[in-house]
Amino acid sequence: MIGVAVTVAGATLMSGLSAGVALRRLPTLRLQLAGLGLLGVLLPLAAVVLSGVVMFQSDHDLTILAVAAGSASAAVVAALILARSIARGVEPLQRAAASLAAGDLGARAPEPDQRELVALAETFNQMAGRLEELFDARTQLVAWASHDLRTPLANMQAMLEALEDGLAEPEHYLPALQDQVRTLGRLVDDLFELARIDAGALTLELRDAQLSGVVRSCLRGLEAEAHARRVHLSADVGHAVTVRCAPDKVERVLLNLLTNSLRHTPADGSVAVRAEPSRDEVRVIVEDTGAGLELDSEQRMFDRFWRGDRARSSTRGSGAGLGLAIARGLVEAHGGSIWAENRPGGGARVSFTLPAP
């Protein structure tokens, strides 16, 4: 009878091992843990049943103990197998996190077998990719800011040295020095505005405002430059179009977009502002009759300091390349979105949305 009990206990243990291996093949951790709980109930129940059978056929307590020990051991072994499987799935993610914490921004987690860990690994890799993008953006920001600060400072230094050496009269360089100071001031203001946007410290005083008044204010400020460039400015915004916004911030967005369009529209061209209201939002459109956007400009023209196309060319007087990046930050702070595309008839079109009252 003892041999039978040992055989039953061994069979139960092998059943537990087989169940542990089978649990590892389940696709999700939830199913694995549920299966382990079910196994933890069934094996002790089987041990009780087998112990009862043995009790009716044997008077040896050792036999009953062997059956119970085998059944309990099977549950323990199955739990250990499952725990090792879960730990092996988490270890690669742990190593990737340690590498990222050590400064390796290219560290990525491999795709595990369990579905929950797959989602966790994907989220981790997205986070790591975003951190790498932010680090690259910070590096570019420092590089471009240093370049744009260095140029006017060098010009001012040269003019001051010329004045010190008596090579020029102060009134000759005074307007130029004032222009350089204004350039530096605008760059510092733009950098400060971007820092507030990135830090989430931008505060907006939202109120219901007529969009036509904001558009007219922007057009009045650009009439002189448009006349000098022989570019026609127009607006098609109804007086009844109302948006929920901070008018001064929306005016800055429009001013940046109109200035960018105006500087890249040839003589005898036109720049227009339109509004398309809907139930929940108002779409504001700024379009021109210029050369249009280059291939990758639609996705990258709102990146700060990007100068790969006409919208970021500092040689044509478009500043430090922060205006469109600030426009995107201000629009998104209102809960809207901004995008750019080419017009079917030629030229560029930039659209952004604002919430309706």
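View 1. Let's start with strand β2 (residues 232-236), which runs parallel to β4 and is joined to it by five bridges; strands count as paired when DSSP finds at least two bridges between them. Helices (H or I, at least four residues) and strands (E, at least two) are DSSP runs, numbered from the N terminus. Ser234 has Ala272 in β4 as its bridge partner, and Ala272 also stands opposite Glu287 in β5. Strand β5 (residues 281-288) pairs with β4 in the antiparallel sense over seven bridges, and three residues lie between β4 and β5 in their hairpin.

This is a predicted model, in which local features need pLDDT of at least 70 and side-chain atom pairs count only at pLDDT 80 or more, while totals for chains, interfaces and linings use all residues. Residues are numbered from 1 along each chain as its sequence is written, and side-chain values use heavy atoms, with hydrogens and water left out.

**View 2. Thr265 in the loop between α7 (247-263) and β4 (270-277).** Thr265 counts as buried because its relative accessibility is 7% (buried: under 20% relative accessible area, 1.4 Å probe, protein chains only). A polar atom of its side chain lies 2.6 Å from the backbone oxygen of Ser261. Not counting residues up to four places away in sequence, Thr265 touches Val231, Ser270, Val271, Asp288, Thr289 and Gly290 (contact: heavy atoms within 4.5 Å).

**View 3. Where α5 meets α9.** Here Asp190, Glu193, Leu194 and Ile197 in α5 meet Ala325, Ile326, Gly329 and Leu330 in α9.

Definitions and conventions. Buried < 20%, exposed > 50% of the residue type's maximum accessible area, 1.4 Å probe, protein only. Polar contact = N/O pair within 3.5 Å; in protein donor to acceptor, adjacent residues only side chain to side chain.
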